[in-house]
Amino acid sequence: MNKLILLFLFLVSILPGAIDDDCSAVYSRATYALSHSKKALKAHNFDHQVYYSGKTLEAYKKIADGMKECDCENATELILDITMDAKKAADPVDWARGRYYSKKVYLNTQELITILDLWAESHE
């Protein structure tokens, strides 16, 4: 019986840390997305721009999944907006439109990282 109580107390003690770990995973994926969106923006040909934009989109799909376990509500709507722009960047009509959405994703990802930083500071 004592072992069950100790196990229960251990699990309860690590629960708040699990939420922080989920949010840190979202942060990690956001920096990964930032890296790929920057590469898409710096790409010198259409195929590379589309490739890196696709990688950014994949990262945002994982970010959206991670947000289910993270309670940073300020970022949810921004993530949806960025995901829509990432889809447009990954399948652009032409070079100029792809660059436009790549730049938009890059700038908004920087804003997302700032929001996640501020959230993390307020939950220390």
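## Helix α4 and its partner

Helix α4 spans residues 95-122, 28 residues in total, and reaches 41 Å from its first C-alpha to its last, close to the 40 Å expected at 1.5 Å a residue (1.5 Å times one less than the number of residues). Helices here are DSSP runs of H or I with at least four residues, strands are E runs of at least two, and both are numbered from the N terminus. This is a predicted model, where local features need pLDDT of at least 70 and side-chain atom pairs pLDDT 80 or more, while totals for chains, interfaces and linings use all residues. Residues are numbered from 1 along each chain, and side-chain values use heavy atoms, without hydrogens and water.

Buried residues of α4 include Tyr101, Val105, Leu112 and Trp119 (buried is under 20% relative accessible area with a 1.4 Å probe, protein chains only).

Helix α2 (residues 46-66) packs against α4 at about 35 degrees, with the axes 11 Å apart; axes are lines fitted to C-alpha atoms over the stretch in contact, and angles run from 0 to 180 degrees between N-to-C directions. The residues in contact (heavy atoms within 4.5 Å) are these:

| Helix | Contact residues |
|---|---|
| α2 | Phe46, Gln49, Ser53, Thr56, Tyr60 |
| α4 | Trp95, Gly98, Arg99, Ser102, Val105, Thr109, Leu112 |

## The whole protein

The protein has 4 helices and 0 strands, in the order α-α-α-α. Of its 124 residues, 35% count as buried. Among contacts between residues at least 6 apart in sequence, 75% join residues at least 24 apart.

How values were computed
Buried means under 20% relative accessible area, exposed over 50%, partly exposed in between (1.4 Å probe, protein chains only).
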